[in-house]
Amino acid sequence: MKSGCIPKKRILTLLFLIGIIMLLGWLFFSGTSESLKEPGPLYEKDPKPAPLDGYVICVDPGHGIYPQEMRGAKNPEGTRGAFQAEHELNLKVGLLLEEMLKDLGAQVAMTRTQAQTSLDNRQRADFANELDADLCVKLHADSSPDPQIRGISVLIPGSCAGNDKEMLQDSAAAGEIILSQLLLSTGAENLGLVERTDLTGFYWSEVPVVLVEMGFMSHPQEDALLQEPSYQRLLARGIADGIVRCLVKGV
Ligand SMILES: [Zn+2]
């Protein structure tokens, strides 16, 4: 064998190695190009659209803790039960309602998300007006010198100078459905739909508005129910169901 001549066995080994390298290269690059592709969806999107998609709802948990200079003769913190102040209950249900409405696809604007606030009723109405909200829901609880009185009522604006006819009709329709859904979800006593012309929050509102009186903190049993998170959830559920039923056609 001449020197410099590569043995046949070595050529075969070389060709074999080149083959292996090419195969590995192909596997690597085909894998790389695969990984550069758009990743597929991890889950299928819910084919049913969210029912409140595109709707703007203002949730106004009544009262709150105001700066000293804003405290007038009237108690801005609302009434009080044995377990909590009204402004605390209103906020708890308000936050639950916010979560439920967002899950249903709504854009939710809260007048407050904490105890402290400086928005008066006129400013709360302006807040909903500026958003051109489809509905504003004000949350309150009741009190009476008669400890036997219990139940839920929904207040709607009666005819005031500033309110247009359509706003009044839409408020009444929303109030009626929200009240019936609340009674279904909580089993509370029905104190009806009540027209009011003396509430500043209604007077300044340009968008449909309802005020839910969620129960009497002066009634010992209802007061005990109102402090239970499961009952607060039933209240929020009833209001959310009512909002869907009044705003979304065919539900
Ligand atoms: Zn109140």
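A crossing of two helices is called left-handed if the near helix is turned anticlockwise from the far one by less than a right angle, and right-handed if clockwise. The model is a predicted one, in which local features need pLDDT of at least 70 and side-chain atom pairs count only at pLDDT 80 or more, while totals for chains, interfaces and linings use all residues. Residues are numbered from 1 along each chain as its sequence is written.

The chain contains seven helices and six strands, where helices (H or I, at least four residues) and strands (E, at least two) are DSSP runs numbered from the N terminus. Along the sequence these elements follow the pattern α-β-α-β-α-β-β-α-β-α-β-α-α. Of the 251 residues, 37% count as buried, a residue being buried if 20 or more other C-beta atoms lie within 10 Å of its own, exposed if 12 or fewer and partly exposed in between, with C-beta atoms placed from the backbone. Among contacts between residues at least 6 apart in sequence, 82% join residues at least 24 apart; two residues are in contact if their C-beta atoms, placed from the backbone, lie within 7 Å.

Helix α2 (residues 86-103) spans 26 Å from its first C-alpha to its last over 18 residues, close to the expected 26 Å at 1.5 Å a residue, the expected span being 1.5 Å times one less than the number of residues. Because 14 of its 18 residues are buried, α2 is largely enclosed by the rest of the structure. Just after α2, G105 adopts a positive phi of about 100 degrees.

How do α2 and α7 cross? Their axes come within 9 Å and cross at roughly 45 degrees, where axes are lines fitted to C-alpha atoms, for helices over the stretch in contact, and angles run from 0 to 180 degrees between N-to-C directions. The two helices are therefore oblique to each other, since angles under 35 degrees count as roughly parallel, over 145 as roughly antiparallel, 65 to 115 as roughly perpendicular and the rest as oblique. The crossing of α2 with α7 is right-handed. On the α2 side the contact is made by K92, V93, L96, L97, M100 and L101, and on the α7 side its residues include L235, I239 and I243. The residues of this contact divide into 10 nonpolar, one polar and three charged, with Ala, Val, Leu, Ile, Met, Phe, Trp, Tyr, Cys and Pro counted as nonpolar, Asp, Glu, Lys and Arg as charged, and the others, Gly among them, as polar.

Helix α7 (residues 229-247) also packs with helix α4 (residues 165-186), at an angle of about 140 degrees and with the axes 7 Å apart. This pair, α4 and α7, is therefore oblique as well, and its crossing is right-handed. Among the residues that meet are A173, A174 and I177 in α4, and L234, L235 and R237 in α7. The contact of α4 with α7 comprises 11 nonpolar, five polar and three charged residues.

Helix α4 itself has 22 residues and reaches 31 Å between its end C-alpha atoms, close to the expected 32 Å. Its buried residues include D170, S171, A174 and G175, and what covers them includes β3, β4, β5, β6 and α7. Just after α4, G187 takes a positive phi of about 75 degrees.

Strand β5 holds L191, which counts as partly exposed because it has 18 C-beta neighbours inside 10 Å. Leaving aside residues up to four places away in sequence, L191 touches G151, I152 and S153.
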